[in-house]
Amino acid sequence: MADAAPAAAAPAGGPAGGDRGRGGFRGGFGSGGRGRGRGRGRGRGRGRGAKEDKEWLPSTKLGRLVKDLKIKNLEEIYLFSLPIKEFEIIDLFLPPGTLKDEVLKILPVQKQTKAGQRTRFKAIVAVGDSSGHVGLGVKCSKEVATAIRGAIIAAKLSIVPIRRGYWGNKIGKPHTVPCKLTGRCGSVLVRLIPAPRGTGIVSAPVPRKLLTMAGIDDCYTSCKGATSTIGNFAKATFFAIIKTYKFLSPDMWKDSVLTKEPFQEFSDHLHKHHQPVRVQKQEQKVY
Amino acid sequence: MTSLLGIPDECIGDGQRLSWDTNKIGGHPDWMYEDCCLPVCEGCGCRMKLVVQLYCPLEGSAYHRTLYISSCYNKHCYNKPYSWKVQRCQILDQSQTTQQATNNMSTSTDTWGVDEDDWGDPITTDPVTLDTKDWCDDADDWGEDGDDDAVAMVTGNINKSNSQPEAKKFPGLKFEQMNLVDVDDISDTNSSHSNDDQTLNIVQEETDDVISKESVGHVVDLLAVKSSGKPEPDISCEEVTETPFKSYYLSVMNESDIVPDNVEVGKLLKEYERETGTDIKSLVKSSSKCPGQNTGGGGAVEEYEKTAIKGDKYSHKFLKRLKLCPRQCIRYCWNDEPMFISPPRDIGVREITCTNCQAKCVFELQLMPPLVNYVKNIHGESVEFGTVIVYTCINTCWLTNQNLPVLETCYIQPDPDQHLFKL
């Protein structure tokens with residue numbers, strides 16, 4: 001393909017934008033790189049406005065619904081298990097003031113490659129609002145800052161709700177885990193045990209940070225395995241506190257009024273119109 | 001070849017002079033010929049609305065070439081293959097023909113060759129390149145992991161973008177930063193949001209529950225229920241055609257020129273250093289000096305952890321690439337590979353042939369999800385899609401006296417979570 005011709009035509013579109021003002025050149029599309037296209041339009045020469053750039057433009061359906069405030073609550077997303085793919089959704093419901101983040105550990109890790117050993121930095125970040133939401137993110141990268149940024153985003157995307165309960169009398173607000181729970185990751189096992197009010201969190205520093213961010217005030221812990229691997233230790237604690245909402249406790253035994261399931265209509269229709277497939281009976285061979 | 005990204009710019013006012021070489025979103029199409037008009041939707045019979053008009057002449061072609069991408073507005077036609085149409089119009093460029101007559105038709109094979117050489121180039125110290133590379137999956141240069149070919153594509157693109165021919169070809173051009181001005185259509189209502197304390201207790205113990213019957217009810221309204229099969233227009237067709245989408249200019253940038261926004265982490269780092277007493281700089285130095293040393297006491301060793309991709313791999317990679325420039329609405333790269341938002345089913349590129357000349361069709365451009373925010377009507381509803389991939393004739397066939405547009409093929413992928421929601 002000849003590109004002598006486009007090269008001659010393109011500069012005509014560029015600097016000849018005198019009437020369009022500075023910053024007015026907007027190139028065009030086309031297969032020759034920027035193409036011969038000449039854009040139209042007047043830029044006011046203003047640099048990137050801070051307001052427009054910081055504004056979030058959602059790229060997923062859920063993000064659009066959240067931005068339009070059709071979904072009022074993070075709990076509504078959890079109730080229907082809708083996948084959250086954009087961390088800005090979390091930022092909208094839990095603004096940076098309420099959601100605190102903390103770096104648990106930054107450490108260099110190595111991997112054996114054909115060219116020798118390569119070092120990357122692994123960042124482990126925990127986020128939480130101290131009232132029922134917590135997330136944990138791990139990210140490896142060549143640079144420390146990039147790893148931390150990536151870990152923060154991963155932590156926000158992994159935010160889960162936590163159920164709190166009582167140790168004894170159900171007076172006041174819930175303050176501890178509802179029952180004994182255990183979580184595992186690698187060789188590390190973390191066991192969380194309900195504690196009476198005022199005990200505080202009796203544990204090693206890493207689970208203590210996570211439990212504080214979750215909003216659990218009192219808890220006994222028991223840990224086993226190679227807890228010096230902070231990555232596995234934090235993840236084991238995280239898996240344990242996720243289980244609070246997976247546990248069926250006696251107060252949930254009673255059937256609550258079911259909201260109409262979104263797929264109810266569909267299943268009713270199937271039931272009415274479904275025809276079982278008739279299979280022709282095979283001749284039984286008699287030996 | 002590096003991709004070009006189309007980013008929405010300022011709103012087009014009323015008195016602006018537009019023509020078929022304007023890149024824009026929405027509005028009325030600026031046709032090259034008199035008799036052209038927007039197509040009619042096969043599903044519901046309504047006339048389609050213009051979504052994007054792009055001027056994209058091809059290298060080595062003597063024609064001005066514009067693509068008009070239009071979509072049916074009707075809700076029942078969202079994400080259906082017949083609801084998006086691409087029309088291509090061409091007109092002979094008079095200045096081109098005279099120039100080509102004087103110049104030699106030298107097919108410069110050396111520029112093709114230069115691109116080939118750049119496959120093996122090491123990463124330059126260009127800060128833009130490094131930053132964009134780091135955002136990609138960092139497993140890519142750990143030897144052969146083998147499963148991140150999307151990332152290899154990006155790094156390949158970025159390597160190619162360092163190639164010189166671009167600058168040589170257009171010496172007079174300056175690739176300027178985009179200027180985003182008053183996009184007043186996007187409402188800014190995030191600060192007034194508050195958590196509400198609802199009273200219904202699903203679990204009796206929890207006194208600080210936030211789910212209530214009303215909130216559950218209105219989310220159920222959004223979620224998918226079996227819908228009837230026939231598409232029926234719920235808005236009158238005349239109203240639909242008279243009000244086009246609000247129009248904006250599109251500015252075009254190279255993907256490699258984009259510098260992604262970075263979250264500030266300095267404060268976090270300082271807190272970490274203060275609390276644990278470690279010094280990050282010494283950590284960096286020690287790790288580079290003694291690569292054989294492993295941290296972690298005892299027998300336990302921390303290992304490199306690849307980011308686990310939960311669920312949808314395709315959409316994860318798509319969104320990751322999209323986040324490098326979150327405002328991109330068009331992704332243009334002629335004869336390259338498209339980015340799929342979900343596994344491509346029943347799409348065989350070899351089977352797509354041009355309706356006009358039966359030649360092969362190649363990928364030209366795709367529409368990206370942020371565009372959905374710009375194609376809103378007066379009620380605030382927008383046409384939903386995940387990505388729309390446009391394939392055009394490799395020969396851009398056009399008869400000399402033709403004055404009607406040629407229909408090109410497009411492939412629609414809905415948002416991967418679309419099945420969970422009710423339209």
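Predicted model: local features only at pLDDT ≥ 70, side-chain atom pairs only at ≥ 80, totals over all residues.
Good morning. Accessible area here is computed by the Shrake-Rupley method with a 1.4 Å probe.

I begin with the totals for chain B. On that definition, the accessible surface of chain B is about 20400 Å², and 51% of that area belongs to carbon and sulfur atoms. Chain B has 423 residues, of which 48% count as buried. Its secondary structure consists of 10 helices and 10 strands. Among the contacts in chain B with a separation of 6 or more, 75% are between residues 24 or more positions apart.

Chain A may be described in the same terms. Nine helices and eight strands make up its secondary structure. Of its 287 residues, 53% are buried. The accessible surface of chain A comes to about 14100 Å², with 56% of it belonging to carbon and sulfur atoms. For contacts in chain A with a separation of 6 or more, the share from residues 24 or more positions apart is 53%.

Let me now turn to a sheet in chain A. In what order do the four strands of this open sheet lie? The order in chain A is β5-β6-β8-β7, and the pairing is mixed. At the edges stand β5, residues 181–185, and β7, residues 201–202, of chain A, each pairing on one side only. Within the sheet, strand β6 of chain A, residues 188–194, pairs with β8 of chain A, residues 219–224, in the antiparallel sense, over six bridges. In this part of the sheet, Ile193(A) is found opposite Tyr220(A), which belongs to β8(A). A helix accompanies these strands: α8 of chain A, residues 230–242, lies across β5, β6 and β8 of chain A and runs at about 145° to β5(A).

Is strand β9 of chain B, residues 387–393, enclosed or open? Seven of its seven residues are buried, so β9 of chain B is largely enclosed by the rest of the structure. Strand β8 of chain B, residues 361–367, is joined to β9(B) by six bridges, and the two run antiparallel. Across that pairing, Phe363(B) stands opposite Tyr391(B) of β9(B). β9(B) also pairs with β10 of chain B, residues 406–413, again in the antiparallel sense, over five bridges. There, Val388(B) faces Ile412(B) of β10(B) as its opposite residue. As a general point, side chains in a regular strand alternate between the two faces of the sheet.

One loop residue deserves a word. Ser342(B) is located in the loop between β7, residues 330–332, and β8 of chain B. Its relative accessibility is 16%, so Ser342(B) counts as buried. Leaving aside residues up to four places away in sequence, Ser342(B) touches Tyr314(B), Gln413(B) and Pro414(B).

Finally, the cysteines. How many disulfides does the structure hold? Over all chains there are zero.

Thank you for your attention.

Conventions:
Residues numbered from 1 in each chain as written. Chains lettered and ligands numbered in written order. Heavy atoms only, no water. Pairing = 2+ DSSP bridges. Contact = heavy atoms within 4.5 Å. Axes fitted to C-alpha atoms, helices over the stretch in contact; angles between N-to-C directions. Disulfide = S-S within 2.5 Å. Buried < 20%, exposed > 50% of the residue type's maximum accessible area, 1.4 Å probe, protein only.
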